[in-house]
Number of protein chains: 4
Amino acid sequence: MIQKFLSLEPEKQTRIINAALAEFSERGYKNASTNEIVKRANISKGLLFHYFGSKKKLFLFLYDYSMNLFLNDFYSKIDFSETDLIKKLRQAALLKIELIQKHPDLYNFILTSMVDDSFEIKPELEDKFKAIAREGYSRLFANIDVSKLKEGLDVRHVTEIIMWVGQGFGNRVLEQMKRDPDYKRDLDIQKFITEYDTYIAILKNAFYK
Amino acid sequence: MIQKFLSLEPEKQTRIINAALAEFSERGYKNASTNEIVKRANISKGLLFHYFGSKKKLFLFLYDYSMNLFLNDFYSKIDFSETDLIKKLRQAALLKIELIQKHPDLYNFILTSMVDDSFEIKPELEDKFKAIAREGYSRLFANIDVSKLKEGLDVRHVTEIIMWVGQGFGNRVLEQMKRDPDYKRDLDIQKFITEYDTYIAILKNAFYK
Amino acid sequence: MIQKFLSLEPEKQTRIINAALAEFSERGYKNASTNEIVKRANISKGLLFHYFGSKKKLFLFLYDYSMNLFLNDFYSKIDFSETDLIKKLRQAALLKIELIQKHPDLYNFILTSMVDDSFEIKPELEDKFKAIAREGYSRLFANIDVSKLKEGLDVRHVTEIIMWVGQGFGNRVLEQMKRDPDYKRDLDIQKFITEYDTYIAILKNAFYK
Amino acid sequence: MIQKFLSLEPEKQTRIINAALAEFSERGYKNASTNEIVKRANISKGLLFHYFGSKKKLFLFLYDYSMNLFLNDFYSKIDFSETDLIKKLRQAALLKIELIQKHPDLYNFILTSMVDDSFEIKPELEDKFKAIAREGYSRLFANIDVSKLKEGLDVRHVTEIIMWVGQGFGNRVLEQMKRDPDYKRDLDIQKFITEYDTYIAILKNAFYK
DNA sequence: GATGAATGAGGGTTCATTCAT
DNA sequence: AATGAATGAACCCTCATTCAT
């Protein structure tokens with residue numbers, strides 16, 4: 001069924017995908033309206049179901065699509081040769097931000113889908129992305145130069161800590177954006193990076209020889 | 001209107017609150033069905049609206065109720081006299097876990113409500129809890145013994161990092177629980193604390209003199 | 001059941017009657033809320049049904065009550081000895097207006113009840129008031145001095161015409177009041193009578209010798 | 001939205017219109033049930049709202065529809081060239097009766113809607129029909145031959161009186177019909193006209209030279 | 001392939017009425 | 001007598017999904 005969709009003229013595919021992505025991320029799974037999607041995509045009601053079968057399957061397709069696109073973009077741009085752990089994590093964090101800015105609807109959709117409990121992602125899909133992530137991680141951290149870390153530090157623990165700090169900092173920024181629309185508009189990416197680097201510096205000091 | 005509810009026999013109150021809490025946290029605001037709530041609570045449809053007026057007001061009441069209960073419990077048990085930053089944060093983290101285990105539905109509900117975009121919590125309520133949290137924080141960190149930190153470390157940054165690590169660790173555990181119900185059942189709180197303490201030890205080493 | 005109501009302290013009776021009268025005339029039968037009535041009357045929900053059994057029976061009681069009161073007032077004040085047809089009809093029309101001004105809620109209620117099709121007045125009640133009206137009419141027109149009419153005029157026809165003109169004029173005024181609240185406030189009863197008398201003069205000229 | 005409805009097969013349109021017209025006029029706006037309407041029209045619940053959006057819009061559409069149909073029919077059949085006031089009013093009255101007999105549900109609906117306080121017709125619609133009526137009236141009475149009236153009679157007053165008599169007579173007949181279904185079935189239109197003409201004769205005698 | 005009219009289960013909400021106290 | 005908590009049928013409306021064209 002989705003084969004049919006994929007052999008559509010690309011412009012129409014894009015129109016439909018963007019319409020659905022936007023609607024789902026703006027209103028959540030349950031609240032999103034297939035009526036609204038077809039209106040945004042300028043196609044008929046029947047066609048949507050002709051291609052995707054159900055709202056749920058459409059959502060699942062979008063999840064697959066978004067994750068693939070996001071992860072591919074990510075792993076094609078990351079510099080696997082970097083051996084410094086902190087530099088690599090910093091690079092990953094900044095790349096993530098770059099991708100969010102490049103595909104905001106797509107990212108919002110992924111966020112929404114992780115959060116919407118009205119809905120369970122198909123295990124197969126989850127497994128697929130778990131596998132991609134696992135494989136990506138191992139490649140990412142394969143060639144880390146452990147000798148830079150202070151004695152006795154486990155690299156896994158250190159990695160987790162740095163990532164959690166990155167996430168915590170990111171969430172704080174996102175919350176500020178949510179609360180204060182002005183903040184979002186004026187968000188100076190450079191200022192953001194500078195602040196992030198403060199934390200990085202602290203961690204470097206703490207964990208590096 | 002809610003006064004009527006509050007002067008009900010406690011058992012019935014509990015039944016209704018639990019039913020609603022469970023339904024909302026399982027299915028999200030929009031998806032939650034008042035039909036299902038009354039069925040779970042074993043009361044008539046009309047009664048729910050007799051007490052709460054609308055689904056929205058019910059949700060708002062639950063939010064208020066849950067937050068109050070959770071925060072009160074938290075702040076009544078925390079040891080404000082502790083001056084060691086890491087000990088205090090560890091204590092807070094463990095207390096939080098204890099509370100989650102004690103009121104799991106309540107915690108799930110709060111999580112859901114923070115995430116559910118189909119619904120905007122009344123700003124007044126949010127402000128109220130923001131105020132409680134802010135005041136709690138300042139009391140919590142009022143008497144920290146800064147002299148234990150290595151020179152040049154900003155206490156705010158250090159606090160944030162430790163909290164983010166706690167959150168990151170907590171999320172990892174919650175995800176495991178979500179993915180694997182067995183894990184949840186067998187969750188050995190002591191094992192959990194031990195693992196958490198590994199991270200705490202690393203951070204202590206990193207930040208303390 | 002209504003016996004119980006009638007042996008209530010008069011003040012409470014009045015409170016209930018007025019509350020119900022007002023609610024029904026303001027919002028129509030279906031739209032009227034028993035909740036609102038008990039609130040206005042400051043009695044409990046159960047009591048209303050204790051006395052009247054159902055919303056419908058309450059309405060029926062009010063119909064009976066209002067009609068009785070209105071007709072009694074009317075027939076007690078009309079001058080049956082007047083023999084001039086036009087004077088008698090003019091007197092009746094003005095008396096009606098006086099009563100409307102005296103018991104506006106009551107009159108509104110009667111109007112509402114004649115118009116509300118969501119509801120059928122019990123035939124017994126209708127018959128009762130038909131009988132009263134018929135008997136009143138025959139007394140009213142018993143001693144008319146027919147000799148004043150031009151030759152060949154049937155008194156019944158003339159009476160009907162004059163009454164219809166009165167009604168038509170009245171309706172026109174009511175419509176203006178409905179459309180323009182200012183008109184209602186500024187309504188000068190004397191001006192109203194003067195205009196009415198214009199029509200009366202025309203009819204007198206037309207029908208009297 | 002209503003465009004969709006208007007491009008439906010006429011038979012279905014009629015079925016829906018008649019069902020709604022009947023339900024509204026039988027039970028009033030508030031009491032009328034959309035459930036009942038769809039049952040009568042033999043369509044699904046959703047379809048009604050697909051076409052009309054809401055009960056209120058459906059009602060408004062019917063009001064517009066009925067008024068247009070009624071007024072168009074009326075003004076297309078009336079003989080504007082008639083210069084005799086009484087003949088013209090008689091013609092109008094009989095035409096009105098003819099139309100009521102032709103579209104009874106439609107007429108009942110209009111009556112109901114004028115009377116139903118649970119609902120305020122959109123001012124725009126009211127204005128529209130006021131304008132039509134006003135323009136119709138002025139055309140209707142433009143070429144009246146005033147010279148036939150007795151000296152000193154104001155044509156406006158005379159017109160009003162004749163119309164009010166027509167209305168009064170009409171109401172009396174309608175009431176008889178309501179009270180006694182047999183009367184309605186046996187209603188001999190010719191007998192009716194004859195009786196009406198009695199009043200017309202009296203008025204002619206009274207007002208014409 | 002493409003359309004959009006048509007469906008009907010389910011949603012939140014109201015309210016006259018009942019009944020234990 | 002008096003209360004008001006409790007009921008549940010009926011209300012209007014939404015929306016994913018189907019299907020004849």
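Between chain B and chain A there are 6 residue pairs in polar contact, both partners at pLDDT 80 or more; that term means a pair of N or O atoms within 3.5 Å, where within protein one must be able to donate a hydrogen and the other to accept it, and residues adjacent in sequence count only if both atoms are side-chain atoms. A word on the source: this is a predicted model, where local features need pLDDT of at least 70 and side-chain atom pairs count only at pLDDT 80 or more, while totals for chains, interfaces and linings use all residues. Residues are numbered from 1 along each chain as its sequence is written, chains are lettered from A in the order in which they are written, and side-chain values use heavy atoms, leaving out hydrogens and water.

Now, the charged pairs. Chains B and A share 2 salt bridges, meaning a side-chain nitrogen of Lys or Arg within 4 Å of a carboxyl oxygen of Asp or Glu. One of them joins B:Arg172 to A:Glu160, with the closest N and O atoms 2.6 Å apart.

How much area is buried between chain B and chain A? About 2,400 Å², with carbon and sulfur atoms giving 64%; this is the accessible area (1.4 Å probe) that the two parts lose on being put together, summed over both. On the chain B side, B:Trp164, B:Tyr199 and B:Ile202 lose the most, together 25% of what that side buries.

And who takes part? Chain B brings 28 residues and chain A brings 25 residues to the contact, counted as heavy atoms within 4.5 Å.
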